[in-house]
Amino acid sequence: MASTAADTAVTSLADLKSAYKKDGWCEPPFRFSDDAVALLRERVLSISRERRPEVVYEKDSGTVRAIHGCHAFDEVCAALVRLPRLVELAEELTGGPVYVYQFKVNLKQAHEGAAWPWHQDFAFWHEEDGMPSPDAVNIAVSLDDVHEGNGPLTAIPGSHRLGLLDLPEGRAESNWRSHVSADLAYTVDGDRAQALADESGRKVFTGPRGSIQLFHPSIVHSSSNNRSADRRALLLITYNAVANAPARPTRPLFLVSRDTTPVERRADKRLDLVSH
């Protein structure tokens, strides 16, 4: 369906930025085509079958939970992070040139994918890596149809404006594996999250494969177990402002990129975007 002038106004970069600033998330007026999603799904499946450090498994299981840093070794993923419309959004929301700070695919396998407790991504990036401020943005791409039953990401609108919550006193004793497992090192107290949700509501990120959502590093979010027969794969690109790069990160390269070269935009016809 052709967009109207009103539709265009509502989904301009300025309006997306306004919504992001207010709510901590926004949704652009486009998604990835079915062919583009099929190609990304194919690459993710292939990588998840490899035995390599970037592939993380569910606790006490051989079930793949996530794969990390794929843009560094897979040419399709490398092409994805350079797409002009994604880079343009990231630069608009962070205020300047960006680089890829993290790239991952969270895979909730049918009947097996475990929950992610309430947390804020910036807690890990600030406390573990020394990222100065939350001048970064997560761009989430659904590689599967996402519904209430297969563990959708759920966020609390406006919670990004509260700063970091429930940080442990002193630096938490943790290793990087506790940053990618169900037993996260930095979490937001469940009662606090419930109170915030009661006050501000919840945004549940459901929708067809190819959908794109952007959310703030400090927004409080979680996801439930996948109790359905449908996998839920969510690809996440974190763009960070070049000026906001941590000085001395220590976590593995596939979790925290050391290459802060600004991303150069490059179109790729295999990864086309279509209007809603």
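How many residues of strand S12 (residues 232-241) are buried? In this predicted model, where local features need pLDDT of at least 70, side-chain atom pairs count only at pLDDT 80 or more, and totals for chains, interfaces and linings use all residues, the answer is 10 of its 10 residues. Residue numbers start from 1 along each chain as its sequence is written, and side-chain values use heavy atoms, with hydrogens and water left out. Buried means under 20% relative accessible area, exposed means over 50%, and partly exposed lies in between (1.4 Å probe, protein chains only).

The chain as a whole comes first. It has seven helices and 13 strands; helices (H or I, at least four residues) and strands (E, at least two) are DSSP runs, numbered from the N terminus. The radius of gyration is 18 Å, close to the 19 Å that the globule rule gives for 276 residues, so the chain is as compact as a globular protein of that length. That radius is taken over C-alpha atoms, and the globule rule is 2.2 Å times the number of residues to the power 0.38. Along the principal axes, the C-alpha atoms fill a box of roughly 50 × 40 × 40 Å.

Of the 276 residues in the chain, 52% are buried. Among contacts (heavy atoms within 4.5 Å) with a separation of 6 or more, 85% are between residues 24 or more positions apart. The accessible surface is about 12500 Å², and carbon and sulfur atoms hold 49% of it; areas come from the Shrake-Rupley method with a 1.4 Å probe, and for residues only the protein chains shown count as cover. The chain has 32 positive and 38 negative charges, whose mean positions are 3 Å apart. Lys and Arg count as positive and Asp and Glu as negative, while His and the chain ends are not counted; each charge is placed at NZ of Lys, CZ of Arg, CG of Asp or CD of Glu.

S12 belongs to an open sheet of seven strands, in the order S1-S10-S7-S12-S5-S4-S3, with antiparallel pairing. The edges are strand S1 (25-26) and strand S3 (55-57), each of which pairs on one side only. Two strands pair if DSSP finds at least two bridges between them.

On one side of S12, 10 bridges join it to S5 in antiparallel fashion, and Leu107 stands opposite Ala233 in S12. Strand S7 (residues 136-142) also runs antiparallel to S12, through seven bridges, with Asn138 opposite Thr238. In a regular strand the side chains alternate between the two faces of the sheet. In S12 both faces are covered: Arg232, Leu234, Leu236, Thr238 and Asn240 are buried on one side, and Ala233, Leu235, Ile237, Tyr239 and Ala241 on the other. Further along the sheet, three bridges join strand S4 (residues 64-68) to strand S5 (residues 98-108), again antiparallel; Ile67 has Val105 in S5 as its bridge partner.

Most residues other than glycine have a negative phi. His111, in the loop between S5 and strand S6 (116-119), has a positive phi of about 65° and is exposed at 55% relative accessibility. Asp166, in the loop between strand S8 (153-155) and helix H7 (190-200), has a positive phi of about 60° and is partly exposed at 31%.
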